[in-house]
Amino acid sequence: MPERKIRVMVAKPGLDGHDRGARVLARCFRDAGFEVVYTGCHQTPEQIAAAAIQEDVDLVGLSCLSGAHRALFPKVVELLRGKGADDITVIGGGIIPEQDFQLLYDAGIKAIFTPGASLDSIVEWIKTNIKAR
Amino acid sequence: MDSLIKKICAGDVRLASRLIRDIEDKIPEAKAKIKKLYAHTGKSFIIGITGAPGAGKSTLTDALITQLRKKNKTVGVLAVDPTSPFTGGAILGDRIRMQKHAEDEGVFVRSLATRGALGGLSQAAGDAIHVMEAMGKDVIIVETVGIGQQELDIINHAHSVVVVLVPGMGDEIQTMKAGLMEIADVFVVNKANRPGANQLQTEIASMLKLASKNGANWQTPIVMVGDAFEPAAFTEKAAELAQKIEEHHQYLIESGKLTERMHRKALAEINDALSFCLLEPIIEELTSTGKLKHFAEKIKNRKADPYSVAEEIAKNYFIRQDKK
């Protein structure tokens, strides 16, 4: 059986234009051997969900530094579910206070990485938890 | 399988994208699905967009999508970006320029990584086009990886080829060279607000005057497209580009050249399929049995030559096929 390539998407929902972190991650995922769809800043949850489905990615990594994660992250999960794409894993990162973690986990975000998380730990999480479908 | 084919033909994006993935990953079942799908393909108009990295292919593709949607055409886009030869990873970033169409159900954008292919596309591109054709897309835009002078696989897949150039890449000798400069049905001089654009236009025009027409009655147009950050003027130029591409499409139909191009496409498809069905399984088997290494050793030590080895491999393969 040929080896499946892991496809991931890195997206920035909302009005936050600080994409240095997202770009570093996209590059780091590339170097981990993943195919990385990078959609840039200022994306609506609707755009992100639609793109994730068109691209058939295994995982969507959301980055948000503006504080809107409580609204935007769960919305992406909800939209994917609504389109029958609940097999696409959603993880998040950025400036996210610890008291919000549970809310995001409950909403279906599978992992959260905040400043200080090593690139290796994020790649490791993906390699352990994501099996290319 | 029939219900899958039916759903894809009805435009199911999830299943279509998954099938493209199966083709990319060379899942054996994908071949059978394409066989079934093939009867539903061949009706879309296929535009190729090619040119150097950063020339503006994705931005122009985005602008073309807008123009085509104004005319209620459904659009499929295949956007190719390079795979790392070291890690196998890839950044697929063409989509950034096209995200405003993400929610439009009449537009399906799928990114592909080259995965080692050297012709400007990926090996899966041909079948990915077939999937989008089966979905009933009126127009399919295939954006190649950023290319140099001779990654020209696009001519085997597209009906009309747009070559995107930017000023400042060299003198008029560059326009004399074979390869990229010969394949354009429409030229775009992009970023034409920059110095050197008019000179580039003149150079292309004089190159075109000398070009062999080969029985063709098509004047290759040169569309000068300025700064994408000047939206009004840019949109006007994008409309001109869309118009020129459509004129070329009409020309292909009326002159009978479309049939010629479809014949060329069919030949390329046979070539690709032969490689997939014959060459790849043979190489795979030789690798897994260790014979490939053994042959390489023999050749390295001058105990054999590559042609004799290839003949022996082919003979053994066909003898075994006969026995099956």
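These legends walk through several close-up views of a predicted model.

**View 1. Chain A as a whole.** Let us begin with chain A, which has five helices and five strands. Along the sequence, these elements follow the pattern β-α-β-α-β-α-β-α-β-α. A compact globule of 133 residues would have a radius of gyration near 14 Å, and chain A, with 13 Å, agrees with that. Its C-alpha atoms fill a box of roughly 45 × 35 × 25 Å along the principal axes.

**View 2. Inside chain A.** How much of chain A is buried? Buried residues make up 47% of its 133 residues. Turning to the contacts of chain A with a separation of 6 or more, 72% of them are between residues 24 or more positions apart.

**View 3. Where chain A and chain B touch.** Here the contact takes 26 residues from chain A and 26 residues from chain B. On the chain B side, the elements that give two or more residues are helix H2 (13-24), strand S3 (90-92) and strand S4 (107-113). That side of chain B has 10 nonpolar, eight polar and eight charged residues.

**View 4. A strand pair between the two chains.** Strand S2 of chain A (residues 35-38) pairs with S3(B) in the parallel sense, over three bridges. Which residue of S3(B) stands opposite Val36(A)? Look for Ile91(B).

**View 5. The open sheet of chain B.** Seven strands of chain B form an open sheet in the order S4-S2-S5-S1-S6-S7-S8, and their pairing is parallel. S4 and strand S8 (222-224) are the edge strands, each pairing on one side only. On average, neighbouring strands of this sheet are turned by 20° against each other, direction ignored.

View 6. Strand S1 (residues 45-51) and strand S5 (residues 139-143) of chain B pair in the parallel sense over five bridges. In this pair, you can find Ile49(B) opposite Glu143(B) in S5(B).

**View 7. Two crossing helices in chain B.** The axes of helix H4 (residues 57-70) and helix H8 (residues 231-255) of chain B come within 9 Å and cross at roughly 75°. H4(B) is therefore roughly perpendicular to H8(B). Leu60(B), Ala63(B), Leu64(B), Thr66(B), Gln67(B) and Leu68(B) are the H4(B) residues at this meeting, and they face Phe234(B), Ala238(B), Ala239(B), Leu241(B) and Ala242(B) in H8(B). By class, this contact of H4(B) with H8(B) has nine nonpolar, two polar and no charged residues.

Conventions
Residues numbered from 1 in each chain as written. Chains lettered and ligands numbered in written order. Predicted model: local features only at pLDDT ≥ 70, side-chain atom pairs only at ≥ 80, totals over all residues. Contact = placed C-beta atoms within 7 Å. Helix = DSSP H or I, 4+ residues; strand = E, 2+ residues; numbered from the N terminus. Nonpolar A, V, L, I, M, F, W, Y, C, P; charged D, E, K, R; others polar. Pairing = 2+ DSSP bridges. Axes fitted to C-alpha atoms, helices over the stretch in contact; angles between N-to-C directions. Parallel < 35°, antiparallel > 145°, perpendicular 65-115°, else oblique. Rg over C-alpha atoms; globule rule 2.2 N^0.38 Å. Buried ≥ 20, exposed ≤ 12 C-beta atoms within 10 Å, placed from the backbone.
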